[in-house]
Structures are given as structure tokens and as C-alpha cells.
Amino acid sequence: AAAQRGSGAAARERALSIARFLWPYRGRIAVAAAALLVAVGCVLALGRGVQHVIDRGFGSGEPALLDQALAAMIGVVVLYAAATWVRFYTMMSTGERVVTDLRRAVFDHILGLEPAFFERSRTGEVVSRLTNDATLVQQVIGYGLSMFVRNALMMVGAAVMLFVTSWKLALLVLVGAPATLLPIL
């Protein structure tokens with residue numbers, strides 16, 4: 001138990017040390033989060049948009065209503081594309097900046113080490129670790145974290161929309177899907 005508490009404290013310490021590099025870019029991260037929410041809302045709205053195209057557009061028999069429904073769908077798709085671009089650009093460029101700051105801090109730390117450290121460690125190994133670890137952090141910050149949050153929000157939003165549409169069907173899906181997948185796993 002003590003080892004688990006120690007590893008939990010170490011994980012918190014690592015998260016706080018990375019957060020120190022993210023803090024200067026909190027405005028950019030907020031813009032990316034807002035764009036992410038808009039993009040998720042657009043994806044979730046597309047299903048309702050298709051319903052309106054079919055029910056009010058084709059179902060009504062009036063070409064003007066169909067044109068309005070299709071124009072609204074195109075507007076949602078354009079908004080989705082713009083929000084996705086803003087999120088992707090902002091998070092990728094933020095990841096680049098965070099990694100630049102991280103590399104600078106590590107490089108400054110390496111320059112301050114005693115010569116005995118370099119007698120024990122091979123320089124190529126130190127440089128390789130610096131390069132690989134920084135690239136991994138860049139991928140997590142720039143792409144992985146954003147995709148995880150996007151997919152989690154879409155899953156929650158889809159579940160809410162499913163409950164609003166039909167709570168019986170939602171319960172069936174939420175109970176039936178795990179009951180089907182557990183024996184397969």
C-alpha cells in the first residue's frame with residue numbers, strides 16, 4: 001500500500017511538473033477547448049440535421065423546406081470543419097511550444113550537471129532520451145489528449161441524446177452492449 005501511495009504521489013508530481021509547462025499556454029488551451037466543444041456539438045447536431053432533412057424536407061413535399069434543411073446542414077458542416085481546424089492547429093502548435101520549453105529546461109539542466117554524470121552516462125543515450133521523451137510528450141499534448149477528450153465528450157453527448165430520444169432504447173443499449181461484449185472479451 002505504501003508503494004502504491006508513493007507511486008500516486010510521484011504521478012501527481014509528474015503531472016504538476018508538466019502542468020507548469022502548460023500554464024503559460026492556458027489561453028490557447030481554452031480556445032482549443034471551446035473549439036472542441038463546438039465541433040462535438042456539430043457532430044451531435046448532424047444526426048438531428050439528417051432527421052430534419054428527411055422529416056421536414058422530403059416528408060413535407062415542399063422544395064423550400066428541403067432547401068432550408070440542406071442549407072442548415074451545410075452550415076453545420078462548415079462550422080464543424082472550422083472548429084476542427086482551430087482545435088487541431090491550436091493543440092498541435094501548443095504541443096510544439098510546450099515541447100520547446102521542455103527541451104530548453106532539460107537542456108539547461110543537463111548543462112548544469114557535474115562532469116561525473118557524463119562519465120557514468122553516455123552522451124548519445126542522454127540525447128536519445130531527450131529527443132524521444134520530448135516527442136512523446138508532444139504527441140500526447142498535441143494529439144492524444146485532444147482526441148481522448150473529443151471522443152469522451154461525443155460518447156457522453158450521444159448517450160444523453162439517446163436518453164432524450166428514447167430512454168428505453170438507451171437502457172437497452174447501455175445494458176445490452178456490455179452484456180454482449182463481456183463474453184467476447
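The model is predicted. The protein chain holds six helices and zero strands, and its radius of gyration of 24 Å is well over the 16 Å that the globule rule gives for 185 residues, so the chain is more spread out than a compact globule.

**Overall shape**

- Along the sequence, the elements of the protein chain run in the pattern α-α-α-α-α-α.
- Taken along the principal axes, the box filled by the C-alpha atoms is roughly 80 × 40 × 25 Å.
- Of the 185 residues in the protein chain, 19% are buried, which means that their relative accessible area is under 20%.

**Confidence**

- The protein chain has a mean pLDDT of 84, and 95% of its residues reach 70 or more.
- Helix α1, residues 2–22, has the lowest mean pLDDT among the elements, at 69.
- The highest mean pLDDT among the elements, 88, belongs to α3.

**The largest pocket**

- The lining of the largest pocket is made up of L102, A105, V106, H109, R129, L130, D133, A134 and V137.
- Two helices, α3 (63–111) and α5 (123–165), each supply at least two residues of this lining.
- Helix α5 gives the most to the lining, with five residues.
- Sorted by class, the lining has six nonpolar residues, one polar residue and two charged residues.

**The salt bridge**

- Side chains of opposite charge can pair when their charged atoms come close.
- Here the side chains of D101 and R104 form a salt bridge, with 3.6 Å from N to O; this pair qualifies because the cut-off for a side-chain nitrogen of Arg and a carboxyl oxygen of Asp is within 4 Å.
- Both D101 and R104 lie in helix α3, three residues apart, which is about one turn of the helix.
- R104 has a relative accessible area of 48%, so this residue is partly exposed.

**Selected residues in α2**

- G57 sits in helix α2, which spans residues 26–58.
- The relative accessibility of G57 is 3%, so G57 counts as buried.
- Between the C-alpha atoms of G57 and M92 the separation is 40 Å, and the two are 35 residues apart along the chain.
- V31 is also found in helix α2.
- With a relative accessible area of 44%, V31 is partly exposed, because this class covers values between 20% and 50%.
- V31 and R122 are 42 Å apart in space, C-alpha to C-alpha, and 91 residues apart in sequence.

**A selected residue in α5**

- V149 has its place in helix α5, the helix that gives the most to the lining of the largest pocket.
- V149 has 30% relative accessibility and therefore counts as partly exposed.

Key. Residues are numbered from 1 along each chain as its sequence is written. Side-chain values use heavy atoms; hydrogens and water are left out. On a 1 Å grid over the protein atoms alone, a cavity is a set of points where a 1.4 Å probe fits but cannot get out, and a pocket is an open set with protein on both sides within 12 Å along at least five of seven lines; lining residues have an atom within 4 Å of a point. Helices (H or I, at least four residues) and strands (E, at least two) are DSSP runs, numbered from the N terminus. Ala, Val, Leu, Ile, Met, Phe, Trp, Tyr, Cys and Pro count as nonpolar, Asp, Glu, Lys and Arg as charged, and the others, Gly among them, as polar. Buried means under 20% relative accessible area, exposed over 50%, partly exposed in between (1.4 Å probe, protein chains only). pLDDT is the predictor's confidence in each residue, from 0 to 100. The radius of gyration is taken over C-alpha atoms; the globule rule is 2.2 Å times the number of residues to the power 0.38.
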